[in-house]
Amino acid sequence: MLKSCIESDSHFGRGLITTETVSKGEIVVEELPFARGPKINSGIVCLGCYCNLQFDEDGDSLDRCNKCDWPLCGYCTDSSEHQYECKTFSDANVRFAGNVGEDGVCSQLDCITPLRVLLAKEADPERWEQEVAPMEYHDKERRENTDFWHADLVNIAQYLRGPCKLAERFSEDIIMQVVGILEVNAFEARTTQGYALRCLYPITGILAHNCVPNTIRSIYPSEDFKIRLRAMVDLDAGQPLQHSYTYTLEGTAQRREHLKAGKYFECDCKRCKDPTELGTHFSSFKCSKCDDGWLLWVNPLDPHTEWKCTNCDFISTNEAVQKAVTVMQTEIADVQAMDMSPERLEETERLLKKYRSVLHPLHFIQTSLRQNLIEMYGRVQGYEMVELPDVLLERKEELCRQVLRVMDVFEPGLSRFKSMILYELHVPLVLLAKSAFLAGILTGVKLKEKLSEAINVLKECVDILQYEDSQSHEGVLGIVAKQAMDQLIQSIENLGMEEVVVDNDDNDDEDDDDDDINDGEEKDDSY
């Protein structure tokens, strides 16, 4: 039985709280999507599996449904996903034009997911009334964004009511309500092949936001995209369930701007209110007027706040600080646009060193650069993992540990992103241990200690990813991590057996004992 229930709060509105104590990893919400479909502003995708399709300038392609003529790949001719709108388009004789704008967007497909929600409303009116209709859709705020509102009105509401002949079934208001519910509450998911779509989960979607979440969600494409929400950490009874609706590794200004633009609220969580972001200094600058001071904003919730040094009297404006951030982000974007190459890796290292003189070591820009480097070390030509010298293996280890320091604060417990960094970390740990052992720097005992550390890193990775769909990218990584962990455990067992044999053979001769242990270590190459 799930240990959560819906409760209304004067500050957050409807949300979920725990009904009893919950242990880390326990499921608190589990539900199937009310509807699912293509993401907004997508290109032309198959309406069955969401793979990208190619249409020529005249909108011609063989990848069409043989009933309604809308995009459908050859593998999805009998797709149950597409059957509902298929009848709508066939009855109205509405053809798919196949037009794509200069931005790569096919606006004609924007109507698909709202239409699927509307058809699900007719098929399951009780669930609509109890779970979906009460969901927030910020009608007033969306109407104030005139251009986007008008585009949705024309491309979706008027298109469905006009050419698709649904005016008698769905009012303009109900269609725009559905559009708003999707915009504010839908989650992105991935198929087992990795194609993106969006799903509407009425219960999970009402979770309150927090920039330090206490839940983690996993979507299972192999189970009709069922979502399971688990506790990231141990929770007390009556505790609000909270999720992050923005990227936790952004600074406070960037997170709050994203939430205001996309979710129509301004976050005032504990992390957002703290100038040091819970002691991480994730947005802090070095003071330009003294050696030991950090430049912190006085009130992070005020866009007009000043920034003051912790050590001297220097003051700066928020506008000046954010302009500096924008300049750095532009420079980083230019480097990230480069192909994965040695030049890109070296330029990223240069920027990390360059910004060291102006940013706190754990600043979100520095953390982002470290993430990029973690991905490149071991994958870029000339920097492949098996060819990395010890100094660069140590560099990758250091980068991983620095990012994990931040993750332990912002995503404690079962963090999916943390698991990725843990997997990256175990490789240099193993290779450095092997290198030191072969060089005679490590004894067998010390080697086992180093390999045990790598095993513990992998175990934490596996413990996090064990809850993922086995066919998803994360689930596959969890399986690979488990295999790597088991191999390391076997390596330690093999090493231990060889040492026992040595001890039995040379129990009376200390010098011979040392020589035989070294011989045994050199023979074992399984790690």
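User: Which residues do ring pairs link into a cluster with W70?
Analyst: This is a predicted model, and a search of the whole structure finds eleven aromatic pairs. Ring pairs join W70 into a cluster whose other members are F55, F89 and F96.

User: What is the angle between the planes of W70 and F89, and how is the pair classed?
Analyst: The ring centres of W70 and F89 are 3.9 Å apart, and ring centres must lie within 6.5 Å to count as a pair. Planes under 30 degrees apart count as stacked. W70 and F89 are therefore stacked, with an angle between the planes of 5°.

User: How many residues apart in sequence are the parts that the pair of W70 and F89 ties together?
Analyst: W70 lies in the loop between β4 (35-37) and α1 (83-92), while F89 lies in helix α1. The pair thus ties together parts whose separation in sequence is 19 residues.

User: Is W70 buried or exposed, and which class does F89 fall in?
Analyst: Buried means under 20% relative accessible area. W70 has 0% relative accessibility, and F89 has a relative accessible area of 1%. W70 counts as buried, and F89 is also buried.

User: How is the aromatic pair of F282 and F364 classed?
Analyst: The centres of F282 and F364 are 6.1 Å apart, with 50° between the planes. Planes under 30 degrees apart count as stacked and those over 60 as edge-to-face, with the rest tilted. The pair of F282 and F364 is therefore tilted.

User: Where in the chain do F282 and F364 lie, and how many residues apart are they?
Analyst: F282 is in the loop between α8 (270-273) and β11 (285-286), and F364 is in helix α11 (residues 364-376). F282 is buried at 0% relative accessibility, and F364 is buried at 4%. The pair links distant parts of the chain, and the separation is 82 residues.

User: Which ring does R271 lie over, and which ring does the charged end of R228 sit over?
Analyst: R271 is 3.5 Å from the ring centre of F410 and lies over its face. For R228, the charged end is 4.5 Å from the centre of the ring it sits over. The rings are that of F410 for R271 and that of Y220 for R228.

User: Which residue in β13 stands opposite W297?
Analyst: β11 pairs with strand β12 (residues 294-297) in the antiparallel sense over two bridges, and F285 stands opposite L295 in β12. β12 also pairs with strand β13 (residues 306-309), again antiparallel, over three bridges. In β13, the residue opposite W297 is W307.

Technical notes
Residues numbered from 1 in each chain as written. Predicted model: local features only at pLDDT ≥ 70, side-chain atom pairs only at ≥ 80, totals over all residues. Heavy atoms only, no water. Phe/Tyr/Trp six-rings, centres within 6.5 Å; stacked < 30°, edge-to-face > 60°. Helix = DSSP H or I, 4+ residues; strand = E, 2+ residues; numbered from the N terminus. Buried < 20%, exposed > 50% of the residue type's maximum accessible area, 1.4 Å probe, protein only. Lys NZ or Arg CZ within 6 Å of the ring centre and 35° of its normal. Pairing = 2+ DSSP bridges.
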